[in-house]
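Let's take a friendly walk through some ring contacts and strand pairings. Have the structure open as you read.

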Amino acid sequence: MADKRDFYEVLGLKKGASEDEIKSAFRKMALKYHPDRNPGDKEAEEKFKEVNEAYSILSDPEKKSRYDQFGHAGVDPNSGFGGGGFGGFGGFDFGGGGGQWNGSFEDIFDMFGGMFSGGGFGGRASSRRTGPQRGRDLQRNITIEFEEAAFGAKKEISVTKLVKCKKCNGEGTAEGTTKRTCTKCNGTGTVTTVQQTAFGQFQNTRACPDCKGQGFIIDTPCPDCKGQGSVKKTIKINVDIPAGVDTGSVIPIKGQGEPGANNGPSGDLYIVIEVKPHKMFKRSGENLYLQVPISFDQAALGAEIVVPTLENKVMYKIPAGTQPNTVFRLKNKGIKNVRTGKPGDLYVEVILEVPTKLNGKQKKSIEEMAKVVDKDCYHEKTGFAQKLKEVFGIKGKEANKE
């Protein structure tokens, strides 16, 4: 397992990260390396698998606890903690028969769980599975138009997931039948054994093998769900997309994940947004950026130009002598902040377009203009000529040609 990266490092986190931090980091990394966004990219595919594996461990409190204590060995069911027994107790006979330990890692952890959690020898570390269990969270990526992100939208999406079986109402039993309490564990979902070791007597609590930790047995399962209490189905879900979302925004929908076991609550559905680029506007946060071409006469003499916004067109007066790449700000013409509702601004950069493919008459007109426009009107050009003179000693007409 030495070739595996630290799971916290995979998600860009430090050890001890909270549940919310882990969930947030996973969404970000999963979106970055999702196969739909990286078609044919094998490296991204591997990273996506790595991210999912890291999240599957760190999002599970029990597995996370094992990983925090023992590293990768703590979550590998085939691990023997280094091949020489447990945690440095080389050659120790856990089975009491002079040979190697033949049980699972879970058995070892259950045996020692109480000791590492401060409960002393004989502690019970296994969590019972008979209580309500929260359903699995789901993620769905959707792509929306630029305008839908700016103004909000209502979308209907399809999600294929497990849903509660209607025929048995999630019970898993056939009509007219009921579950019966497991006689091996008396409905607790766990069985306890006592083992004598060199350390003394250990109490080992593990999931009941007869009922798989459920505490009950279904003799006649529901024909639709085969006793699972849920069936896979594609359903339609309406999603309200608030104004101001951007690529990477996540919309949680409570209770639309998969159903929980033993009447546990359903998980949540997380909608991850990707916004299509606009043909004209660029976005940065709540602000929009736009380039508008203008002609020489408009820049020199000033003019009213048409500036498009996301909602309509506005007239904007540019002053005489406007220089290329000048940026004007139109307040509150950007996109609303998704939390505050306050709009950003629209920044308009004017781009000077130089005419091409001039005919003879047009060229002559420009030449005549050049004769009557005093060189002092060109402040930048005059200043540059002066610098040439100072640095290289270039004078007069020769400087003006540069």
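## About the model

This is a predicted model, in which local features need pLDDT of at least 70 and side-chain atom pairs count only at pLDDT 80 or more, while totals for chains, interfaces and linings use all residues. Residues are numbered from 1 along each chain as its sequence is written, and side-chain values use heavy atoms, leaving out hydrogens and water.

## Aromatic pairs

A pair of aromatic rings is described by the distance of the centres and the angle of the planes. Rings of Phe, Tyr and Trp (its six-membered ring) pair if their centres lie within 6.5 Å; planes under 30 degrees apart count as stacked, over 60 as edge-to-face and the rest as tilted. Searching the whole structure gives 5 aromatic pairs. One of them joins Phe 7 and Tyr 67: the ring centres are 4.8 Å apart and the planes stand at 35°, so this pair is tilted. Phe 7 belongs to helix H1 (residues 7–10) and Tyr 67 to helix H4 (residues 61–70), so the pair ties together parts 60 residues apart in sequence. Helices here are DSSP runs (H or I, at least four residues), as are strands (E, at least two), numbered from the N terminus.

## A stacked tyrosine pair

With ring centres 5.3 Å apart and planes at 15°, Tyr 289 and Tyr 347 are stacked. Tyr 289 sits in strand S11 (residues 287–294) and Tyr 347 in strand S15 (residues 346–352), 58 residues apart. Tyr 289 is partly exposed at 35% relative accessibility, and Tyr 347 is partly exposed at 23%.

## Charges over rings

A charge sits over a ring if NZ of Lys or CZ of Arg is within 6 Å of the ring centre and within 35 degrees of the ring normal. Arg 27 lies over the face of Tyr 270, 4.0 Å from the ring centre. Likewise, the charged end of Lys 179 is over the ring of Phe 216, at 4.1 Å from its centre.

## A three-stranded sheet

An open sheet of 3 strands runs in the order S1-S9-S8, with mixed pairing. Two strands pair if DSSP finds at least two bridges between them. Strands S1 (138–144) and S8 (250–253) are the edges, each pairing on one side only. S1 and strand S9 (residues 269–275) pair in the parallel sense over 7 bridges.

How values were computed
Buried means under 20% relative accessible area, exposed over 50%, partly exposed in between (1.4 Å probe, protein chains only).
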